[in-house]
Amino acid sequence: MKANFLTTLRTHLMTPVVADAPALYALIDADRENLARWMPRTASLKSVEDEAAYLFRSQERIANNQFWLAVIWVGNRPVGTIDLHNFQNGHAEIGYWLGRDFRGRGIMTHVLGIVEDVAFSQLDLHQLELIIATANTASRAVAQRRRFHQDGILREHLLTASGDYDDAVVYTKLAREFET
């Protein structure tokens, strides 16, 4: 039944607006400890105003073609975000997160496919990269389901909220490997 779950959901991506801040902040705040393990910026988000400021700065970076960010919506509510960052030489990194009640339903696998299409078809990128903590098995499974190639392990690469470093798995996908 899990594989068919998305058929009952209306999932779409929207350009972020500051008005999304309360709902996104609530999702982060409800799962702060878990999200902080993989997304250290959660430590600096202490209020709706902090999330609104992040979204405002993101809009500026998007306007300057330095960043691509979308809010993931299921039905009429935001449930997380996905972005493209570190644009360089036709490459970009992908980052994403979902609120805890929306994980394990195939949403991120579906959304990542949409972002791949945007990256390769609209932004004319050559390569996408996912850099994922080795212990983040859920995100690693998303990369594997989307047929990203595992390139290697970066030792003690990701700074954690606690100040330690996690090893990271590097996954890539080339434009020629993208299948719609």
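Trainee: How many strands form the sheet, and in what order?
Mentor: Seven strands form an open sheet, in the order β1-β2-β3-β4-β5-β7-β6, with mixed pairing. Keep in mind that this is a predicted model.

Trainee: Which strands stand at the edges?
Mentor: β1 (11-14) and β6 (149-159). Each has a single partner strand, so one side of each is left without a neighbour in the sheet.

Trainee: What does the twist average from one strand to the next?
Mentor: The average is 30°.

Trainee: I clicked on G152. Where is it, and is it buried or partly exposed?
Mentor: G152 is in strand β6. Its relative accessible area is 23%, and the cut-off for buried is under 20%, so G152 counts as partly exposed.

Trainee: What is G152 in contact with, leaving aside neighbours within four places in sequence?
Mentor: A168, V169 and V170. As a distance to check in your viewer, the C-alpha atoms of G152 and I131 are separated by 9.9 Å, and the two residues are 21 apart along the chain.

Trainee: Which way do its side chains point?
Mentor: W68, A70, I72 and V74 point one way from β2, while L69, V71 and W73 point the other way, and all are buried. In a regular strand the side chains alternate between the two faces of the sheet.

Trainee: Let me pick V71. What is its relative accessibility, and what does it touch?
Mentor: V71 has 0% relative accessibility, so it counts as buried. Not counting residues up to four places away in sequence, V71 touches H12, L13, M14, P16, D20, L24, P78, G80 and T81.

Trainee: What do β2 and β3 form together?
Mentor: A hairpin, with two residues between the strands. G75 in the turn has a positive phi of about 60°. β2 and β3 pair in the antiparallel sense over seven bridges, and one of the bridges joins L69 to D83 in β3.

Trainee: Further along, where is H85 found, and is it buried or exposed?
Mentor: H85 is in strand β3, residues 77-88. At 18% relative accessible area, H85 is buried.

Trainee: With which side chain does H85 make a polar contact?
Mentor: The side chain of D83, at 2.5 Å. Leaving out residues up to four places away in sequence, H85 touches F67, A92, E93, I94 and G95.

Trainee: Helices next. Which strands does α4 lie across?
Mentor: Helix α4 (residues 107-122) lies across β1, β2, β3, β4, β5 and β7, and runs at about 40° to β3. Helix α5 (residues 137-145) lies across β4, β5, β6 and β7, at about 155° to β5.

Trainee: What about α3, what should its 16 residues span?
Mentor: At 1.5 Å a residue, α3 (residues 48-63) should span 22 Å. Its end C-alpha atoms are 23 Å apart, which agrees.

Trainee: Which residues of α3 are buried?
Mentor: E51, A52, Y54, L55 and S58. Seen down the axis of α3, the buried residues fall within an arc of 160°, so they line one face of the helix. An α-helix has 3.6 residues a turn, so residues three or four places apart point the same way.

Trainee: What do the buried residues of α3 pack against?
Mentor: α1 (21-30) and β2. The face turned away from the buried side of α3 carries the exposed residues E49 and A63. Just after α3, N65 takes a positive phi of about 55°.

Conventions: Residues numbered from 1 in each chain as written. Predicted model: local features only at pLDDT ≥ 70, side-chain atom pairs only at ≥ 80, totals over all residues. Heavy atoms only, no water. Helix = DSSP H or I, 4+ residues; strand = E, 2+ residues; numbered from the N terminus. Buried < 20%, exposed > 50% of the residue type's maximum accessible area, 1.4 Å probe, protein only. Polar contact = N/O pair within 3.5 Å; in protein donor to acceptor, adjacent residues only side chain to side chain. Contact = heavy atoms within 4.5 Å. Pairing = 2+ DSSP bridges. Axes fitted to C-alpha atoms, helices over the stretch in contact; angles between N-to-C directions. Expected span 1.5 Å × (residues − 1). Arc of directions from axis to C-beta.
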